[in-house]
Every structure is written in structure tokens, then in C-alpha cells.
Amino acid sequence: MILSITATVLAQWLHGALVLALAPLLAGLLAMMGARLRGRRMPSVLDPWREIWRRCRQRPVLAQTAGPVTRCAPYVATASTWLALMLVPGFALGMALAPVGDVLVILGLLGLSRAAAALAEMDAGTAEGGLRASSRLSVAAFAAPVLLLGLLVLVMLSGSSNLDTIAAYVRENPPGPHVPLALTAAAMLAVALAGALGVADTDSVPAEASGRHLALWRLEAAMRLMLWLCLPAALFLPWGLVPADEGPLAWLLGMVAWLAKLVLLAGLLALLRGRGLPARRPQFLGAALLLAALAAALMFVSTGLA
Amino acid sequence: MLLILALMLGGCCLLLLPAAFRLWAVLRVAAALLMGGFCAVGVLALLAPEPAPLALPLGPPWAAALVGLDAVSAWFLAPLGALGCFSALLLRPATRTELMAFPALLLGLVLSAVAMDGYTLVLGLLVAAVAAWAALPERRAARLMLGFALTGGLCLMAGFALMSAGAGSLGFAALRASPPEGWVAGAVLVLALLGAASLGGLAPLHGWMAGALSAAPAQVAPLLGGALPALALLAALRVVLELTGPAQPSWWGVAPLMLGGFAVLIGGFRALVEDGLRGVLAGAVTAGLGLFALGLGLALLFRGSDMDVPAALALSGALLAGVHLMLGGGLLALALSVVQMQAGPVAGARLDALGGLSHNMPLAAGAALVAGLSVAALPPFAGFAALWLLLQGLLAAWRTQQALYQFAALGTLTMLGLGMGLLAMAMVRLWGMVFLGRPRSPRVAGAEDAPGPARAALLFPSLALLGLGGLPSLAMALMQGAVEQLMGGPAPASILGLAAGDAGARYLVLPILAVMAGLMALLWWVARRRAARGATAGPAEAPLWQGGFQAPPPHMPFGDPQSQVSAEGFAAPVLAVLGGPLGGYQSRVVAAPPGSLATARHESRWRDPFLKGLGRLTSLRHQASLLAERGRLPSPRAALRVGFAAVVVLLVILALVERP
């Protein structure tokens, strides 16, 4: 009993440390693949980490009109994205924080981090900052109904909005040719891609940030990118997840599967970025909303017949 | 305790005396103390409810006004008392009408919260509405509000009259004992919803709210925006959930459910396109009221389908949303009132004239941030707890196995998601434009933080809201009695947070807070340690790079306001997609004529399509309202006359109904 609790706590800490370490690497990998696809010279995978580490030592320079929001927001935003990422199962199911890992809570934490970033953009009082805050938030507003409808389908399947429960359900009931789930997956993948593509832009950190604040914002952006890749990986490709109390050897297996999934999704993302797919995001998200609504309607019909 | 309550209601009437002699400082202290007392009574009654009503020496002898403190009343009386107390602290020297209207407003609100018969309930709401009408200096907005309020009051009264025809009395106990059936029940549902929507400003009957709130004096706005809508919907909740008995069909829930989702969408959109502070507040209130109505609809739907656990869950979400509307919406209104008192015209302060206030007004900024994030339903604030419960209910609505309800829930979920996204954007825009950036006008640059008593009015409700967000399980424990009274089953909760159903969906706020605090401390520590090896000092300061705009003229020490984002510019990405369908928004660029040196101008306009449609529908009522208004200044006598006439009309209805 005590052993298994220790194991779940250890797995949780390991997961938290791993996502912290892997997020900038994943951003580096994406940049590398993007350069390869465009036929440019590839940057090193370690570049984002190097930059974050270097910036960490630099003293931030604040605009005279900036206030405490600029100083506090990077910590709030990074911590809440990190926490959201810790709640998404990576290599193991049933980690210590699994009961906390409600999809709505994860979406809420992302919203908190987004609000902090938008306020940091607006703090100094530049025109550009305000407009960037606005576009950041409007994309999120259009994405929210898609995510909720997708969640509805998953809740109808698994009976809970807890991420662990959903992942365990999908893993144990291999979904074969399941139309609603496929539609939901397409819709949520579209949202994830829209979100991740927004993150992968070079200007996804507040324009005024500098020094260690900039390092934190870069870390936050990398983590958000990773979250948008981890979430579909956990929801729709939950294979290779191991129970958290099975010990280090099983974990290692889970990690290999997790890394493979992440690299696969990152490759897909790099391909889509090269094609410049969702240029008009509201329309793109509107189409995703239709898919999700169709999936939910199909679920209603099938549960009604059952 | 009921005797104390009755005495305090009498004390509320006595408050008219200092108001009549314009002793505003006495009124401020006395009203704050009295409302604090109501809050204390509410909390005590939450712990030990006293449902047996007490007859007040008011009204005809065969149907005296009844007041009582059952669990539902207590759940709403406690935040109402607190909000009234803090609003009173914002009182300033004013005209006699405005001062006299304030105690009347408080009296009406409290009366409607503790009423134990239909007549007293409607009387309280109408007294509050008439008092608010008298306090509004802008007559057009006041007239519109009064029209909506009287319509709502009449609808509610008609609903009670229909019910009492079978019960023989307007007392809640008698009404409960003989629930209506058949078409009467359907008519009661429609009348109650219509009445509450009109009185409280639920979309699509929200047209009066932006105007009325924009015109309201500082101390009236929190009550008009936070308390009156919540209490109006509480009246509908009592009617459709409690007084008409538990045997009503589940399709009753569809209308409030869809209306609620629609109100959240419209409220979020409205909050985003309005450019006045109070207009944004009105949008947020409409959205908050929508959440409350949505929970009511869900509870009805589940109860009719014999699903007790989700019904209790949805009901507790609704009750939490109602109290959050009072506390969160009220705190937002308080903070914006303070901003308007200190930095702008009290009526009609615009986002495009403010900016940078977090430097001068840290307390108001903090309070507005807490309220804004809570209204935007972000964790770990109180609004998220309410939204989480309601979403869990919506996500379970498919279990009713009826296509109508499933698709209603699907539509509501879509509207709710979009509306809450827009509301979050609106709250960030509000706070960012008012408190961040550079001042957009000289007066704003010289503003000072809240004076003496107003500080308390910002600090304590902020702490209360933070506490409610951190301990939603405590709130659930306190509302247990109310849920049991209305639904008959307890709502599930755990000490660490909220839980829904048996499948393990949980919102565990305390672990979330703890882990997040730990992560923040870790990040801070690492950044500091790393910095300690290099440049050690804190952040350096440098002049702002204005993004390439030319240097501002010397009379603009904070730069050209045109070089910051504008209220409309912030909303542009949403307006481009939703502006036309939801708000009749039109914009165009007007180029200067050839040869002119003027710049091109961007012109835009939008008009509330619902108000426009209603204007045509209700021209008759408008005429009547005009007639009542003609040739009359807003004096206390005028206010009393309208109130008295309303009482007489209601008494006549009552006498007709009660005739043996």
C-alpha cells in the first residue's frame, strides 16, 4: 500500500521533471523539422534550452510604464501551464495527481495562464501588445465550445471528465471503427493544432518581456506546445501507458511509447505548419465545432438506440 | 431571530429619517451597520434555519406579510447583507431623492429575500425597483428600467394569483400544500420565468440594464447589478422548484436551460462590445444571471427525470452561481464605482478614457482583478467552482435519454463555451484597459486610491470572494440545507474541493492551489539563484518603446492615447465574426474627400437588436410609463406615489384573489 503510494508520487515527480526537461527539446525538435522541410540548415535541438538558460541569468529591463503585473505574470503563467501539463498522463496512468486531473480544470488552468500572458502584454501600454492580447484571447474563445463538445463525447463514452479515466477507457476499449470518436479526435486535433500552431509562432511570448522573464515565457510557450501534443496523445493514442505503481521498468517502457507518440505528433505538426493550414483560425475552428457537434449528435442517436 | 429580523426591517424604514434630513454620514454608518446585521442574521440562519414564518403588521388582516428565514432565504440573505453593507460605505453627499432611495432599495431587497408569501416577495422586488428608478438621474434609462420591472412584477404577481386560486392563500406553506396542475402549472412556469427575466435582466429582456447601470450612482450600482437580478431569479426558482411541488414534468427545464445559455452568450458578447465601464458590468451581470438560470433549468430537467444526484449537483451549481453573481458581480461593481468616483465621470466613464490606474489605485486594481478573474470563471476563483458544477451537470444531461433534452444540452453547452470565452476576453480587456498601460486622459493620471471607508468596501468582499474560491466545499456544506429544502437530497462534496457523480470527476481546489504555489516558488527560486551568479539586481527600467509612433506632443506626458489599443480595437477579432449576427454591428472606413488633408475615419455602430424588437412590441406599455412619468420631477413624493400606487394595485389583486 505504502509502496504503491510512494510509487505514484515518485511517478508524478518524475513526470513533472520530464515535461519540464522535454518541453524545450520538443520546441527545438519542431524547429529542426521545420527547417528540414523547408530545406534550410537545421538548428540544434538544444537551442531553446540554451536560450532559456542564458536568458535566465540576464537582468530584465522593464518599460517605465510597466508595473507589478509584468513581474508576477511570468511566474503565474508558467506555474499554471506546468501544473496543467503535470495533470496530463504522459508515460503512466494513476499518478499521484490523477484525481485532480479533470479536463475542465486543465482547460481552466490554461485559461489562467492565457489571461496572465494577455495582461502582461497589455501592461506597458503599447499598441502591439494590446492587439496581440486580443488575438490570443479571441482564438481561445472560439476554441472553447469545440473543446466542450469534444469533452461531451468523451464523457458519454467513459462516464467521467477525469483525464485518467478517459484515457484508461479508450485504452481498454479499443475503438475500432468508432465514428463519433474519430470525429471528436479530428475536432480536438484541429483545436490542438490551432493552439499549437499559435504557440509555435515566434511571437508567442509577450513582446516587452526580457531577461529571466523572457526565459520563463519561452519555457511557458514550450510547455503549452507540449500540452497540445500530450493531450491528444493521452486521449486518442493511450497505448503504452503503464500503471504508475508498477515500478521503474514499466515506466521506462511507457516513456519510450510516450516519446514515440510525441515525435510522431510533432512531425505531423511540422508538416502542417509547412503547409500553412489553418490560416483563418475562426473559420477553421468553426469547422471543428461542426465536427464535434456531429460527433455528439451521433452519440445521442447511438445511446438512444442502445 | 425572526423578531430581530422584523425589528431590523423596521430599522431599515427608520433609515429614511436621516436620509430625509440629508444626514448622509449618519445614513452611511447606520445603513452599513444594519446591513452587516442582516449578513450576521443570514449566517446564523444558515446554521440554524427558522422556516416557521412570522407575520408582520403589514398588509390586510387576512393576509399579513410573512417573513421567515428558511435555508434558501438565509443562503441569499447573508451575501445580500454583506453587499448592502459595502455599498453603503460608498455613500456620498447627494440629493435627498438619491439618499432616500437608498434605504428603500435595501429594504426592498431584504424583504424579497426573506419573504414567505408571494405578495411580500413581489412587493419587495417592486419596492427595490422603484427605489432604483428614483435614484437614477438619467430619466430615460430609469423609465425603461421601471417599465421592465413593472412588467416583471405583474407577471410574477399573476403567477402567484393563479397558484393561490387553488391554494386559497399566498403563503408559501399553503402554496406548497396544493401545487397547480394542468394548464395552470404551465402558465405559472411561463409567468414566473417571464417575470424574473424582465425584473432581473435575463437575455433577451436585458435591454434596460446597460443604460440603468451606466446612470446609477456609485452606491446603487452594486445592488442594482448584483443583488436585484439574483433575487429576481430567486423568486422564479422558488416558484418553479419549490412552490409548484416536486411532481412537475422535466420539460419545464428546457426553457430556463436554453435561456440561460443564451444569456451567457449574449452577456459575454455584450461585455466585450460595450465601451463604458458599467456597460461591461451589465454584460457580466447578464452572463452571471444566465449561469444561475441554466442551473435552475438543469435541476428541473434532472428532477423531472428522477435523477436526484445530478439534480442536486445542478441545483448547488445554480445556488453557487447566484451567490457568486451577488458577491463577484457586486465586487466588480464596487471596484468600478470607486474607479469612477476617483478617476472619471461617475456616469458613463469609458474604457477609452482610462488607463494605467494600477499604479495609483492598487487596492481598487486588486479588488477588480479578483472580481474580474472570478467572473471570467478562471481557477482557483469562486466563479470557476460554480461553472464547474454547472458544466458537470450539462455533461450528464445526455443520461436523460430524451433527444429533446440532449440537443438542448448540446446547444446550451455550445453557447455556454463561447459565451464564457467571450466573457473572459471581456474581463481581461476591462482590467487591462482600465488598470494597465498608460493613462489616456490627464484626470486619470492624477487619480488617487479609494478613500477611507471605501477601502473596507473593496478589501473585505475581495477576501470573501477569495475564500469562497478556495473553500467551495465549505460553501457546499452551508448550502446543504437549501438544497435539501428545494430538492430533498444532499449535494456531494469533499473537504478538498467538489465532486460530481460516482465516476470520479473532481475539482480539488486545495491540492491545485498547493501544487501551484509550490511550482511558483520553485520557479522563483531557480530564477533567483541563477540570477545571483550573474547580474544580481532586480529589473532595470527603461523608457517605453512606442512601437514606431511619433513622439507625443509635450502636453501629453503619457503619450498619445491613440497609440494604445482601443476598446473597439480589442474586440475587433470577435466583432468581425460575431458582431453582425449577435449585435447588429456595422463598421466602415470613411475616406476624406479628394483634396482634403483630413485623415480617414473608422466609423462603427451597433444597436441592441433585442431592445429594438421589444421597442416595437411594447410601445403600449411605454406609453403608459410615459403617462405615469409626465410632468413629474423625481422627488421622494413621486417615488412614494408610484410605490404606493403599485401597492394599491397589488392589494386589489390580492383582495380579488382572496375573496372567499
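**Notebook: chains A and B**

I started at a strand pair: the bridge partner of A:Val61 is B:Ala540, which sits in E6(B). Strands here are DSSP runs of type E, at least two residues, and helices are H or I runs of at least four, both numbered from the N terminus. Strand E1 of chain A (residues 61–63) pairs with E6(B) in the parallel sense, over 3 bridges. Pairing requires that DSSP finds at least two bridges between two strands.

I noted the ground rules. The model is predicted: local features need pLDDT of at least 70, side-chain atom pairs count only at pLDDT 80 or more, and totals for chains, interfaces and linings use all residues. Residues are numbered from 1 along each chain as its sequence is written, while chains are lettered from A and ligands numbered from 1 in the order in which they are written.

**Interface**

I looked up the contact between the chains. It takes 70 residues from chain A and 70 residues from chain B. Contact means C-beta atoms, placed from the backbone, within 7 Å. On the side of chain B that touches chain A, H18(B) gives the largest share, 15 residues. By class, that side has 46 nonpolar, 19 polar and 5 charged residues. Nonpolar covers Ala, Val, Leu, Ile, Met, Phe, Trp, Tyr, Cys and Pro; charged covers Asp, Glu, Lys and Arg; the others, Gly among them, are polar.

**A:Ser161**

I checked this residue next. A:Ser161 is in the loop between helix H5 (127–158) and helix H6 (163–172) of chain A. Buried or exposed? A:Ser161 counts as buried because it has 29 C-beta neighbours inside 10 Å. The cut-offs are 20 or more other C-beta atoms within 10 Å for buried, 12 or fewer for exposed, and partly exposed in between. A:Val103 is 58 residues away in sequence, yet 5.8 Å away in space, C-alpha to C-alpha.

**Helix H1(B)**

I then turned to residues 2–14 of chain B, helix H1. B:Leu5, B:Leu9 and B:Cys12 are buried. They lie on the same side of H1(B) because they cover an arc of only 50 degrees around the axis, taken from the directions from the axis to the C-beta atoms. On the other side, B:Leu3, B:Leu7, B:Gly10 and B:Leu14 are exposed. The cover over the buried residues includes helix H3 (24–47), strand E2 (66–69) and helix H5 (96–114) of chain B.

Conventions
Contact = placed C-beta atoms within 7 Å. Expected span 1.5 Å × (residues − 1).
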